[in-house]
Amino acid sequence: MDDELEKLQKKLEAELQKASDNSSLNQIYIRYFGKKGAVNRLLKDAVAKSKDKKSTGQKVNAAKTQMLSTYRNRKQQLLSYEETIDITAPARNIPFGHLHVVTQAIAEIAEIFKEIGFVRKSYREVEKDWYAFEGLNMPAGHPARDEWETFFVTEDVVLTPHTSSGQIREMEKGKLPIRMINIAKCYRRQVDISHIPMFHQFEGMLVDRDVDIGQLKGTLDHFVKRFFGPKRVTRLRPFHFQFTEPSFEVDVTCGNCFGRGCRFCKSGWVELGGAGMIHPNVLKNGGVDLQKYSGFAFGWGVERTVIMRTDIPDIRLLYQNDMRFLEQF
Amino acid sequence: MDIKIGYNWLQDYLETKATAYQIAEKMSLCGPSFEKVVKDGADYVFEVEVTSNRPDSASVYGIAQEAAAILPRFGIDARLAPQIEKYADLSPESRPLLPLKVNLKKDNFGSRFMALVLDGVKIAKSPKIVQKRLKQAGIRPINNIVDTTNYVMVALGQPMHAFDYDKISTHALSLRESRDGEEIVTLDGFRRVLTSGLVVGEDNGKLIDLCGVMGGKLSEVDQSTKRVLLFVQTYNPVKIRQTTQATALRTEAANLYEKGLDPEKVVSGLQMAASMIKDLTGAKIASEVIDIYKDRPKEKTVKLTYEQVKKVLGVEIPKTEIKRILEALGFKVSLGVLELAARVPTWRLGDIDIPEDLIEEIARIYGYSKIAGRLPSGDLPEDQVDEIFYWIDLVKKSLSDWGLSEVYNYSLTNKELLKACEVREDAVTIMNPLTQDMTVLRTSLLPGLLENTCQNRVAGDLAFFELSKIYLPTKDKLPEEKLTLGIILYGPKFDFFYSKGVITTLFSVLKISDVAFEPISKEYFSSGAAVVAGGESLGEIGRISGQVADKFGLDGKVYWAELDFEKLGRMARRTASFKTIPRYPPVVEDISFLVDNSLPAQKVVTTVENASRLLKKVTIIDIFDGASAKDKRSLTLRLEFQSTKPLKVKDIKPEKSKILAQLVRIGAKIR
């Protein structure tokens, strides 16, 4: 029996040496020390055949203890093994695509206005002249129409040159108050380093009781602080749109000098977009009760804000879809 | 309207010590936008953007008027110096009087026409200061007569024209509408063919003036001119716009006339021009002054309540200050208890109509910077959230997370490109395209994405998607704008089943179950499937035909999928309903068998699924094409049997027999 014990011990040691992972070790444990394992079988056998059952049992159990110790040492050794790998070798590629930089800007803009309760809406891109111009206080033949070089589908159907064509569509729904943001494609017949025939504008509109210029300012300030940074502010300057009265141009403080003036901005301010209190004719055309309600609207180009933040030198790059451009964002 | 005026010239009308930069800065805050201040020796040139509703500001005097109202608000002393009063006298100075008439064929040409003749003109170059100021304004100096008309136009915002009196045989200005096909040679030397209805000046059958836009060469003032006919007027803006649209000829004068000018300024313009010509050339007024002034502007008074002002500004301005502001702008104001009445000056009759117009005047001069910003505190709109935006964001994010990159293609394309891709050519057409490659609205996302692939084809594996609209003509006025998802895959990494995987995983993200793929045949597919769910076709997926791919220089396999995103959005779900987790583990068994290649894999699966009710899941885990028999392939299915009680071998055996029987029935050979 002593021989058998020694043989078993040697076998265990050999297997333990060969074992290279925890899973193999666990299997060795079951094979040797499990209920039906080799040690228990040996014990049962030896005790059955032995004359001095007590001392045989003790001998086997002593050997078992020693073997367990050998096992545990090996396990300890294996579990605390530290491997050497070249950690500077390249990582494997996990799939990683790119959302277009304009999509990212739109998502951010929508989120900023969602924070103050502006619900995202969408409307037609191919629209009737009424919604794009006439209803916005620009009757046929009005020189103000020249300011947008418009694509025509028929005499009175256009590709909308501005998101303002959604204003009357929204008011017509008859649900007040209105707090909406429309971010959509617009079209103008113009191509150069800072203009493309298809671009995006975002337009916000609020129609409610007792709406004033201060609330417009507050809304615009909220946007620039969240989009450009907490130290940025807006200012309003007089301008003219047919569909707002008063009308404004909106500036934001320069990101470089924060309003002091520098070689980038000269005056300390950078033009952002346009805004105004909705013209009563427009409210009327939308079926809104002028006695009770008024509103403001604001809007500007999405690509412009993207370029302000990324320094893309030529707007046409945005829709050329070169992978070397797309993968930068 | 962009105008350029000199700082020194401005000081002819504006008494102020303000520097050019100060003027530019303060004016931009309360009035027209001073875009640039350019140093010009000891002088400066302002580049000002005057909005189209304020033609009264589009002149040196107009800017001076605004400055006199605005600069004092910043503590800068500024006063209007009304120089034009100096030129009051227009009585004739030489006898006999030269004949002069103005005949208007129709009465809708304009509200005021004035004319007179000056004799003894000596044509010469204008004085240096006149030339300098004209150049600052972007106008080329020609001679003292022409320069005078331009000088007055820039100074007062009143355009006018000077004719050589002796070249007009009838000594009359006869204005009528043009006839279709009539010709005129304008001062720039171009012969122009006119359409009917444009206001023209005629002398004995010949056209001598394209009214309000450009004079005619026949009556041109040149070196030999001795007598000048000065013609100053306000034209009907609609008629002048008709001319500029028809001839595509835009001039400074037309720009002003189109906006509608103040008829009261006509006389100032005439006075200033006549006086200037007398000074510069020694000429004398040699005719009576003609003044046809019908439709004198009616006096307009606009009423405004203080409550209204407060409501729009959010701030209360004392009524005395309101009065001060409006009167500085030329309004005559009487203050009542609850409201004020403001009489509109003649030069603002074109743009002041409603109380809101007055509010703008008050607010801008008061100063927008004085109004504090605060967030709107009204009620939020009742929930009308459109779920589609959620789905758009989710799908875009998922696709980009899986390695696809998003592109934006122009909605405008051309018929040739649509044809090359074998997609719908019947498209919404643009009447006035900008370029020949953008003449219609796209009917499919495929052409754009094929171009993107072609353009980037050296960049290795390409995976692009676009989620935006296609435009389909309808029998109504407005086309259908369909939100569509297009996905294109190109490169050795991809095959049909990869692209199928993108689609099926996308449907899992949208929680749309039971997606099926049914064979479909399209001109641009070499093999394709319709994507079907909920009994509806949601789109298609397939491999682009070699012919189409070749047109784009793509010699590898191109995989394409296009889905109707609105339909997807309607079927998508945000939450799933909970399915009880089985208490007992499933019994899993694999079976392999040979089937004909022509038997669709899905049919095999469905047959097996229908064979046993204990089957929870049947998955194809292997398809082996290199089977021993020709036209046959080997399928291995993993069967998961599940019950609410623990399953024993004796439960599974009869189910397996049923399954095997059904498989044999469809021609499978079990291994």
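A:Pro246 belongs to strand E8 of chain A, which covers residues 244-253, and the peptide bond that joins A:Glu245 to A:Pro246 is cis, with omega at about 0 degrees. Helices (H or I, at least four residues) and strands (E, at least two) are DSSP runs, numbered from the N terminus. This is a predicted model, in which local features need pLDDT of at least 70 and side-chain atom pairs count only at pLDDT 80 or more, while totals for chains, interfaces and linings use all residues. Residues are numbered from 1 along each chain as its sequence is written, chains are lettered from A and ligands numbered from 1 in the order in which they are written, and side-chain values use heavy atoms, with hydrogens and water left out.

A cis peptide bond, with omega near 0 degrees, also leads from A:Leu176 to A:Pro177, and A:Pro177 sits in the loop between helix H7 (166-172) and strand E5 (178-187) of chain A. Most residues other than glycine have a negative phi, and most peptide bonds are trans. A:Phe258, although not a glycine, has a positive phi of about 55 degrees; this residue is in the loop between E8 and strand E9 (269-278) of chain A. With 35% relative accessibility, A:Phe258 counts as partly exposed, where buried means under 20% relative accessible area, exposed over 50% and partly exposed in between (1.4 Å probe, protein chains only).

In chain B, B:Glu422 likewise has a positive phi, near 60 degrees, and is found in the loop between helix H13 (415-420) and strand E23 (440-441); its relative accessible area of 34% makes B:Glu422 partly exposed. B:Ser444, in the loop between E23 and helix H14 (446-455) of chain B, is by contrast buried at 5% relative accessibility. Its side chain reaches the backbone nitrogen of B:Leu446 at 2.9 Å, and, leaving aside residues up to four places away in sequence, B:Ser444 touches B:Val423, B:Ile470 and B:Glu562.

Turning to the rings, the structure holds 37 aromatic pairs over all chains, a pair being rings of Phe, Tyr and Trp (its six-membered ring) with centres within 6.5 Å, where planes under 30 degrees apart count as stacked, over 60 as edge-to-face and the rest as tilted. B:Tyr7 and B:Tyr44 form an edge-to-face pair, 5.8 Å centre to centre with 80 degrees between the planes. This pair links distant parts of the chain, since B:Tyr7 is in helix H1 (residues 7-10) and B:Tyr44 in strand E4 (residues 43-49) of chain B, 37 residues apart. B:Tyr7 is buried at a relative accessible area of 10%, and B:Tyr44 is buried at 17%. In chain A, ring pairs join A:Phe113, A:Phe118, A:Phe202, A:Phe223, A:Phe227, A:Phe228, A:Phe296, A:Phe298 and A:Trp300 into a cluster.

Between the two chains, 83 residues of chain A are in contact with 75 residues of chain B, contact meaning heavy atoms within 4.5 Å. The area buried between chain A and chain B is about 6,800 Å², of which carbon and sulfur atoms give 57%; buried area is the accessible area (1.4 Å probe) that two parts lose on being put together, summed over both. Five salt bridges are found across this interface, each a side-chain nitrogen of Lys or Arg within 4 Å of a carboxyl oxygen of Asp or Glu, and one of them pairs B:Arg374 with A:Asp212 (3.0 Å, N to O). Helix H8 (residues 213-227) of chain A gives the most to the side of chain A that touches chain B, with seven residues.

How values were computed: Polar contact = N/O pair within 3.5 Å; in protein donor to acceptor, adjacent residues only side chain to side chain.
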